[in-house]
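Keep the 3D view open as you read.

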Amino acid sequence: GKGQHRHFMLKEIFEQPEVIGGTLKTMLNPAERTITLPYLPFDLAGIGRVRIIACGTSYYAAMVAKYWIEQLARVPVEVDIASEFRYRSPPLEQGGLAIFISQSGETADTLAALRHCRANGQHCLALVNVPESTIAREADGVLETLAGPEIGVASTKAFTTQLTVLACLAVALGRARGALDRAAEAEVCRALAEVPSRVADVLRDDSAIRAIAPSIAEARDVLYLGRGTGYPIALEGALKLKEVSYIHAEAYAAGELKHGPIALIDDSVPVIVICPSDHLYDKTASNVQEVVARGGRVIFLSDRHGIARLSAKVAATIELPEVASFVAPLLYAIPVQMLAYHVAVAKGTDVDQPRNLAKSVTVE
Ligand code: F6R
């Protein structure tokens with residue numbers, strides 16, 4: 001049941017410290033600060049190309065993984081939406097690694113993409129939340145998210161546990177490829193080990209998010225901006241808001257703003273900005289300045305330092321714990337989920353069963 005929570009979505013949001021921790025535990029040795037993946041029927045050292053294929057929220061996890069794997073393992077990663085990949089029939093080099101991310105393990109397009117890759121000489125790795133699912137059964141290897149059953153139609157804990165496994169995979173691939181030394185592995189492991197408690201910190205005080213939800217609930221359109229791994233988190237935030245509150249929301253890579261989307265900015269459009277203190281902070285902060293200068297109502301998500309350094313006059317700030325930038329997407333996923341949830345509650349929509357949506361998309 002939902003326990004003390006009003007909706008499954010909220011219950012599942014609050015389960016994240018525990019399920020991220022449980023998923024990490026299967027791979028991370030916190031004392032040694034090393035990552036060991038479960039057995040895979042191929043050698044990661046021989047993987048020179050990675051493709052990741054998924055739909056919806058799972059696709060956004062794939063996008064985060066592209067940044068992570070390219071950074072830590074220095075292996076080129078291509079990400080694809082399953083429904084595009086399967087009909088494009090792209091040329092595949094023998095022996096590449098193809099990863100299929102699916103909470104349900106039953107998504108029709110992702111399954112079709114897996115079958116195409118298997119028939120074309122790829123090592124196929126499934127990343128699923130349901131180990132007895134079709135995608136898990138048909139893949140060569142399986143990595144499991146231990147999110148537990150996800151009942152709310154809008155994916156929350158499945159997403160952050162997917163990110164958890166993908167972060168570990170990036171480390172393991174980096175080590176196997178010789179791109180990541182022991183010290184660097186230890187540093188990432190330390191940051192990962194902290195994630196469950198930092199996520200719990202975010203959940204402990206959601207007052208800033210609750211405070212802005214009623215004003216967002218009145219908006220017709222909402223924009224989300226982010227850079228680097230903050231970009232897929234912006235996309236995920238926009239998808240969550242659309243799904244549960246039916247408010248039109250779009251996400252853009254912050255650097256794309258002046259290539260078009262800035263024309264949408266006026267004082268009726270809330271702009272949610274994902275902006276942790278990292279090497280991209282200044283770039284995104286300058287986009288915030290541009291939005292504010294055009295009357296945009298910015299809701300700025302950052303850490304204490306990032307908020308203190310910001311000179312633009314924003315409508316609201318949401319402070320997150322300071323963490324290593326590698327794990328920031330795991331943290332910034334939480335407030336965008338919470339915001340979508342509280343806006344939906346303010347609008348009175350059916351949070352757990354949004355109109356027109358099914359939990360598992362087994363038809364194309
Ligand atoms: C969004 C959502 C969907 C799924 C998508 C893929 O909240 O839940 O976008 O992520 O339908 O589903 P799986 O991961 O089961 O393949």
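By class, how many nonpolar, polar and charged residues does the lining of the second largest pocket have? Sorted that way, the lining has 9 nonpolar, 6 polar and 2 charged residues. Bear in mind as you look around that this is a predicted model.

Now for the largest pocket, which holds about 650 Å³ of space. Its lining is made of 31 residues, and if you want to find the centre, look for Cys55, Gly56, Thr57, Thr107 and Val361, the closest ones to it. Several elements supply at least two lining residues each: helix H3 (56-73), strand E5 (97-102), helix H5 (108-119), helix H7 (157-177) and helix H10 (230-245). Which element gives the most to this lining? That's H3, with 5 residues. Sorted by class, the lining of the largest pocket has 13 nonpolar, 12 polar and 6 charged residues.

**The cavities**

How do you spot gaps like these in the first place? Rolling a probe the size of a water molecule over the atoms shows where empty space is left. Searching the whole structure turns up 2 cavities of 30 Å³ or more. Here they are, with their volumes and the classes of their lining residues:

| Cavity | Volume | Lining by class |
|---|---|---|
| Largest cavity | about 40 Å³ | 5 nonpolar, 2 polar and 3 charged residues |
| Second largest cavity | about 40 Å³ | 5 nonpolar, 1 polar and 2 charged residues |

You can pick out the largest cavity by its lining: Pro276, Ser277, Asp278, Asp303, Pro321, Glu322, Val323, Ser325, Ala328 and Tyr332. Around the second largest cavity you'll find Arg227, Ile274, Cys275, Pro276, Asp278, Leu280, Tyr281 and Thr284. Pro276 and Asp278 line the largest cavity, and Pro276 and Asp278 also line the second largest cavity.

**H3 beside H7**

The axes of H3 and H7 come within 9 Å and cross at roughly 25°. Angles under 35 degrees count as roughly parallel, so H3 and H7 are roughly parallel to each other. The crossing in which H3 passes H7 is right-handed. On the H3 side, the contact is made by Thr57, Ser58, Tyr60, Ala61, Val64, Ala65, Trp68, Ile69, Leu72 and Ala73. H7 answers with Phe159, Gln162, Leu163, Leu166, Ala167, Ala170, Val171, Leu173, Gly174 and Arg177. By class, this contact of H3 with H7 has 15 nonpolar, 4 polar and 1 charged residues.

**H2 beside H8**

One more pair to look at: helix H2 (residues 16-25) and helix H8 (residues 182-204) have axes that come within 8 Å and cross at roughly 175°. That angle makes H2 roughly antiparallel to H8. From H2, the contact takes in Gln16, Pro17, Ile20, Gly21 and Leu24, and from H8 it takes in Leu192, Ala193, Val195, Pro196, Val199, Ala200 and Leu203. What does this contact have by class? The count is 10 nonpolar, 2 polar and no charged residues.

Methods. Residues numbered from 1 in each chain as written. Predicted model: local features only at pLDDT ≥ 70, side-chain atom pairs only at ≥ 80, totals over all residues. Heavy atoms only, no water. 1 Å grid on protein atoms, 1.4 Å probe; cavity = no way out; pocket = protein on both sides within 12 Å on 5 of 7 lines; lining within 4 Å. Points joined across faces, edges and corners; volume = space filled by probe spheres on them. Helix = DSSP H or I, 4+ residues; strand = E, 2+ residues; numbered from the N terminus. Nonpolar A, V, L, I, M, F, W, Y, C, P; charged D, E, K, R; others polar. Axes fitted to C-alpha atoms, helices over the stretch in contact; angles between N-to-C directions. Parallel < 35°, antiparallel > 145°, perpendicular 65-115°, else oblique. Left-handed = near helix turned anticlockwise from the far one by under 90°. Contact = heavy atoms within 4.5 Å.
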